[in-house]
Amino acid sequence: MGAGGMKRRELLLSFLASTVPLGAADALAQATPRPAVKAGGGAPNIILMVSDQHRAGMTKATGYPLDTSPGLDALARRGVRFDHAYCTAPLCVPSRISMLTGRWPEAHRVRMNLAARDAFYTQDLYDVAKASGYRTGLAGKNHTYRTAKSLDFWREYSHVSGHKEPNADPRYAAFDAWMKQLGAGSLSLEPTPFSAEVQYPYRIVSDAIDFIDGSGDQPFLLQVGFPEPHTPQQVPKPYWDMFPPDKVPPRAAGPEALEKLGARARWLFELEERADVPDEAHWQRYVSNYLGALRMIDDQLVRLVKHLEARGMMENTVIVYVADHGDYVMDYGLGRKGVGLSEALTRIPMIFAGAGIKANTLGGVFTSNADLMPTLCEAMGAEIPLGVQGRSLWPILQGKPYPADEFRSIYAGVGVGGLYYDDKDDIALPPRGAPTANGGEDDRNRLSGDTLNKVTQSGNAKMVRMGAWKLVYDMMGYGQLYHLPTDPHELNNRFGQPDVAREQAALMAELAMWTIRAQDSLPTGPQNRKYQTKWARPHNWYAPYRRAPAGSAFIP
């Protein structure tokens with residue numbers, strides 16, 4: 001973690017330890033994870049698989065017409081798939097920090113991709129695992145405050161470069177050079193001239209297998225981070241044209257829908273049109289490559305699961321598959337991500353399988369990737385640290401009863417604050433044919449083809465999903481209200497219409513509740529007999545403590 005974030009965290013932990021008197025040991029214990037079993041004594045291994053920019057609902061089992069991810073569907077059948085899972089924010093760094101800390105961006109204080117070192121928390125998932133006797137590792141994409149020195153094993157990849165041992169296959173360096181030339185935001189119109197064994201998913205799983213095989217009897221926590229299906233949209237044969245462009249399903253709407261999506265969405269479309277390979281002109285190729293990348297990831301997921309099975313480790317390993325956010329996948333004429341809180345960007349795949357998890361099909365359970373951290377804490381038998389806001393899903397995964405009211409809705413947000421940039425600001429676009437951003441230092445001070453920029457991330461908006469409805473509300477007092485069963489692509493804004501006033505009021509109340517709940521409880525103060533926080537134990541569930549239904553007239 002960066003020096004600034006580490007210093008704040010160490011000061012906070014020091015403060016907690018120094019101010020807790022003898023009579024308040026229980027409060028401090030909640031900040032210090034305790035392993036359920038000693039290392040090597042049966043604690044489950046944890047594998048957290050995180051794909052990048054992976055839109056939900058794109059497998060056969062979730063209703064997509066093409067069979068992009070048979071391995072992921074098979075994993076879901078042996079475990080639990082949450083169909084109403086959402087990211088805390090639809091961009092990489094804030095969302096990934098929420099996974100590790102169990103905190104929404106307004107609490108961990110990172111709302112853009114350039115500020116990972118500002119993360120604020122007491123203990124993250126890796127801290128809890130280490131305190132519980134686990135070996136920790138990363139194979140793949142990181143994009144958080146974590147660094148090589150903070151874990152036991154570290155093989156990092158980006159979108160255009162990958163880990164290479166000193167005696168690595170020379171094709172690895174050649175592939176990295178080819179990817180950097182292509183650019184992190186680009187679309188390739190030809191099959192990649194490097195085989196699947198040189199691509200990052202294969203190499204990442206090979207690194208993951210090295211870590212697993214080198215862990216001995218010690219339980220481990222391993223993050224397997226796939227940079228795909230994020231751009232660059234490139235795939236080699238056999239994934240190239242595995243889903244041919246002329247066979248991809250029709251999209252929800254093309255650029256004609258942009259008039260309904262606001263000035264910033266129209267500006268984003270113009271930005272993407274100025275890329276070296278404009279997405280809209282080749283939208284079916286974009287989709288074809290994206291689907292091919294899903295299958296390329298899926299084949300490596302299957303490879304990793306087969307390795308665990310061959311070693312007899314599946315029964316003592318919890319596998320989680322999740323994404324940091326989604327992708328427009330050319331709906332509305334847009335690729336990648338950028339503006340707003342659409343379902344395409346905020347809803348994510350979330351699957352759990354393995355040790356202690358009972359295969360189940362769940363409906364109406366709304367979850368967040370902030371729920372991953374407390375869930376995995378409890379899977380390891382550890383206490384949930386102070387400041388964690390996510391809710392543990394572990395009892396649900398075990399097939400135990402849970403309060404439905406706790407999971408009736410979910411909340412997310414986007415924006416770095418300030419006012420929206422709009423048509424009156426006349427923001428200059430890059431010249432046509434400009435190379436897309438490569439994600440490096442040279443992109444920090446220029447407006448490139450990166451879809452995350454001062455325009456798309458301006459302002460501040462929050463959303464809540466509950467039942468069949470979705471509400472978005474922002475700092476200007478503008479609202480959006482969608483009935484998703486009849487308007488799944490959010491093109492008919494019903495906010496302010498009299499016939500849905502009751503639903504709008506209920507969602508506004510729910511959004512107010514979530515906004516208050518997501519306020520930071522850190523620092524906690526002295527936690528003595530005079531000021532001692534009552535935490536939602538166990539599981540971080542609030543619903544069991546309600547004395548009246550949420551949204552009712554009640555004074556506690």
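Trainee: What covers the buried residues of α8?

Mentor: Keep in mind that this is a predicted model. The cover on α8 includes strands β1 (45-52), β4 (135-141), β5 (153-157) and β6 (220-229). Helices α7 (170-182) and α10 (283-310) belong to the cover too.

Trainee: How many of the residues in α8 are buried?

Mentor: Ten of its 14, so α8 counts as mostly covered. Among the buried ones are Tyr200, Pro201, Arg203 and Asp207. Ile204, Val205 and Phe211 are buried as well.

Trainee: What span should α8 have, and what does the model give?

Mentor: Helix α8 runs over residues 200-213.

Trainee: Let's switch to rings. How many aromatic pairs are there?

Mentor: The structure has 16. Take phenylalanine 175 and tyrosine 200: the ring centres are 5.0 Å apart and the planes meet at 65 degrees.

Trainee: Why is that pair edge-to-face?

Mentor: Because its planes are at 65 degrees, and over 60 counts as edge-to-face.

Trainee: Is phenylalanine 175 buried or exposed?

Mentor: Buried, with a relative accessible area of 0%. Tyrosine 200 is also at 0% and counts as buried.

Trainee: What about charges over rings? Which ring does arginine 303 sit over?

Mentor: The ring of tyrosine 202. The charged end of arginine 303 is 3.8 Å from the ring centre. Arginine 109 has its charged end over the ring of phenylalanine 120, 4.0 Å from the centre.

Trainee: New topic, the core. Which residues touch the most other members of the largest nonpolar core?

Mentor: Phe82 and Phe352, out of 53 residues in that core. Elements giving two or more residues to the core include β1, α4 (92-101), β7 (317-323) and β8 (350-354).

Trainee: Which element gives the largest share?

Mentor: Helix α12, with five residues.

Trainee: And what does phenylalanine 352 touch?

Mentor: Leaving out residues up to four places away in sequence, its contacts include Gly79, Phe82, Ile319, Leu372 and Leu397.

Trainee: Why would nonpolar side chains end up together like that?

Mentor: In soluble globular proteins, nonpolar side chains tend to be buried together.

Trainee: Back to β1. How many of its residues are buried?

Mentor: Eight of eight. Asn45, Ile47, Met49 and Ser51 point one way. Ile46, Leu48, Val50 and Asp52 point the other way.

Trainee: What stands opposite leucine 48?

Mentor: Glutamine 223, in β6. Strands β1 and β6 are also joined by seven bridges, and they run parallel.

Technical notes:
Residues numbered from 1 in each chain as written. Predicted model: local features only at pLDDT ≥ 70, side-chain atom pairs only at ≥ 80, totals over all residues. Heavy atoms only, no water. Helix = DSSP H or I, 4+ residues; strand = E, 2+ residues; numbered from the N terminus. Expected span 1.5 Å × (residues − 1). Buried < 20%, exposed > 50% of the residue type's maximum accessible area, 1.4 Å probe, protein only. Contact = heavy atoms within 4.5 Å. Phe/Tyr/Trp six-rings, centres within 6.5 Å; stacked < 30°, edge-to-face > 60°. Lys NZ or Arg CZ within 6 Å of the ring centre and 35° of its normal. Core = buried A, V, L, I, M, F, W, Y, C linked by side-chain atoms within 4.5 Å. Pairing = 2+ DSSP bridges.
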